[in-house]
Amino acid sequence: MSLLIQELKFDFKTRSVLRDIEFGLKPGEILTILGPNGVGKTTLLRCINRILQPKKGVIMVGDEDIISLNRNEVAKRMGYVPQRCETGRITAYDTILLGRKPYIKFNATNDDFERVNDIIKRLDLSDLSMRFIDEISGGELQRVSIARALVQDPNILLFDEPTSSLDLKHQLFILRTIKNIVNTQQISSILTMHDLNLALKFANRYLLLKDGCVFAYGGDEIITPENIEAVYGVPVMIEKVNGQHFVVPLD
Amino acid sequence: MVLGFLKSRMGLDKKSHHDENDGLNEPYRKYIVGKLLFLTVCTILLILLFLYSISRGPSTVSLIDAVHILFGNSTVNAYNILWNIRIPRALTAIVAGVGLSVAGVALQSILRNPLGSPYTLGISNAAAFGAAFSVIVIGTGSMHSSGTDAVVVNQIYVTTFAAFIGAMIATFILLLIAKYKSATPEVMILVGVALGSLFTAGTMFLQYFADDVQLAAVVFWTFGDVGRASWNDLIIMASVVTIATIYFILNRWNYNAIDAGDEIAKGLGVNVDRVRLTGMMVASVVTSFVVALIGIIGFVGLVCPHIARRFVGDEQRYLIPASCLVGGLLLLGADTAARFMLEPHVLPVAILTAFMGAPLFIYLLIKRY
């Protein structure tokens with residue numbers, strides 16, 4: 001299902017954080033939000049599924065405006081994976097089952113359990129499922145968090161820095177998993193990221209933020225040395241190795 | 001049979017027939033059955049302890065007779081003693097234990113703090129201040145010796161009502177700050193601690209100017225004692241505790257989500273601010289009723305949920321009922337011990353809850369980690 005954002009504005013008390021944010025996303029596309037620290041990447045992500053309430057704007061998923069839906073209905077359309085997740089003496093299985101929360105009336109049903117089992121198989125989490133989440137590694141917890149967002153059965157998946165606490169192998173594993181899910185289920189995904197090269201490898205749309213506004217939005221063509229320097233303040237060159245672009249800082 | 005009933009309540013039996021060959025579900029099912037077993041064992045222990053508690057005393061009856069009396073057979077000896085004294089006392093212990101414990105487990109979740117309890121929010125201290133105010137300023141504290149060396153506060157209902165008002169004032173201040181200042185859980189805990197100190201200081205101020213009779217009456221009131229409640233008190237308390245427990249159980253998925261973090265909870269469709277505010281309100285009201293009617297009983301609200309966590313983990317579907325059962329067990333156990341320890345003297349249960357609960361809690365902490 002497509003996503004369309006128009007004239008999104010968010011203020012923190014009297015300070016303007018985001019304004020005039022506009023972009024769109026088609027099914028099967030992965031968008032990364034890029035920009036320096038503090039520019040409002042995470043804030044934008046939280047505004048999209050209304051963890052933070054935007055001051056104004058339109059957020060259309062298909063032909064529905066997210067702003068007019070209640071929180072539970074939003075949760076059925078968007079899954080959100082934050083940077084970190086609180087742990088406790090809860091099994092990975094129950095953690096994933098929690099993703100069915102928007103659908104559970106009183107008890108989890110057979111359908112809920114089946115969906116959890118299905119995701120566990122697809123993300124290869126069988127060995128982890130009965131372990132407590134306060135005893136598993138950061139990378140494993142990240143995979144469990146993604147599974148929880150997936151059982152929400154969302155059309156849009158939002159990830160805040162999904163690779164920030166992972167080693168190289170797991171960074172690639174998680175991003176491949178996300179790409180695979182987006183492709184097979186034809187959903188859309190938005191990621192915030194610091195690593196430009198990982199973004200170039202996995203995303204097909206980019207949103208460059210500067211001073212709370214969209215500096216550039218588009219495909220690979222907007223990742224130019226000029227744009228990167230304008231946004232991050234660092235001169236770079238872009239090299240092509242084995243058919244893939246790499247951003248190399250010149251400073 | 002109980003286990004089967006619980007399984008069907010938890011929606012587990014539905015999946016058992018068709019996931020027979022699913023290797024993955026088997027461990028989960030075993031894991032759940034383990035938790036249900038704990039709940040069943042606690043329920044049975046509570047029933048046995050209840051029967052033991054009402055049958056023992058200065059005139060002991062057999063367990064069988066106790067059951068007969070419970071079912072209304074008035075021809076059995078000691079019928080009046082049991083119905084007028086021991087049964088309301090034991091039931092009060094269970095109800096108060098459940099109430100304080102369920103308030104504690106909910107507060108620990110919604111305030112995202114393991115130290116969350118009715119005490120932490122200063123509600124108990126505010127109730128004590130209310131009672132002190134009533135005894136010393138309004139003058140409900142003239143007291144007399146009642147046969148034995150026990151003292152009785154005159155106009156106990158005025159004192160109780162004042163304690164309730166005190167607790168509600170603290171609750172109101174907390175909720176006001178939470179709602180209009182959008183305070184974080186950390187701030188709420190600190191506000192609670194500050195309120196607790198404020199009301200304690202207020203109580204000390206009043207006590208400083210009190211005469212020794214009033215002082216004794218205030219101290220007497222603050223010793224939580226389940227023997228104080230009449231059948232009417234018990235019915236009021238049981239109604240409030242039942243409604244609160246049902247409310248918390250209905251919100252168990254919300255609390256699971258909040259345990260995973262506010263952002264995740266919001267992403268899962270939970271209206272975190274509203275759930276937090278109403279949860280605090282319900283927990284505060286239930287605490288206010290319990291404290292006003294039987295005095296201050298520390299430790300139960302804080303520790304019973306943690307004892308339950310050691311056995312069933314942090315999953316609220318099992319943690320809330322387990323905390324209720326452990327709360328009832330601990331307070332009834334403590335009260336039963338309080339009655340027999342220094343026979344014929346009956347100690348206020350508040351003195352024994354920490355005596356019994358603290359070593360048990362420390363043992364469980366050491367054993368697990």
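How many bridges join strand β3 of chain A to strand β8 of chain A? Select residues 30-34 for β3(A) and residues 188-192 for β8(A): four bridges join them, and the two strands run parallel. Keep in mind that this is a predicted model.

Now click on A:T32 and look across to β8(A), where its bridge partner is A:L191.

In chain A, six strands line up in the order β6-β7-β8-β3-β9-β10, forming an open sheet with mixed pairing. Colour β6 (78-81) and β10 (213-218) of chain A: each has a single partner strand, so one side of each has no neighbour in the sheet. Neighbouring strands here are turned by 15° against each other on average, ignoring direction.

Helix α6(A) lies across β3, β7 (156-160) and β8 of chain A, and runs at about 155° to β8(A).

Last stop: the second largest pocket, with a volume of about 840 Å³. Which residues lie nearest its centre? Select B:D262, B:E263, B:K266, B:D273 and B:R276, which are among the 31 residues lining the pocket. To see who gives two or more residues to that lining, show β1 (3-12) and α1 (41-48) of chain A, along with α7 (156-180), α12 (262-267) and α13 (272-294) of chain B. The largest share, five residues, comes from α13(B).

Definitions and conventions
Residues numbered from 1 in each chain as written. Chains lettered and ligands numbered in written order. Predicted model: local features only at pLDDT ≥ 70, side-chain atom pairs only at ≥ 80, totals over all residues. Heavy atoms only, no water. 1 Å grid on protein atoms, 1.4 Å probe; cavity = no way out; pocket = protein on both sides within 12 Å on 5 of 7 lines; lining within 4 Å. Points joined across faces, edges and corners; volume = space filled by probe spheres on them. Pairing = 2+ DSSP bridges. Axes fitted to C-alpha atoms, helices over the stretch in contact; angles between N-to-C directions. Contact = heavy atoms within 4.5 Å.
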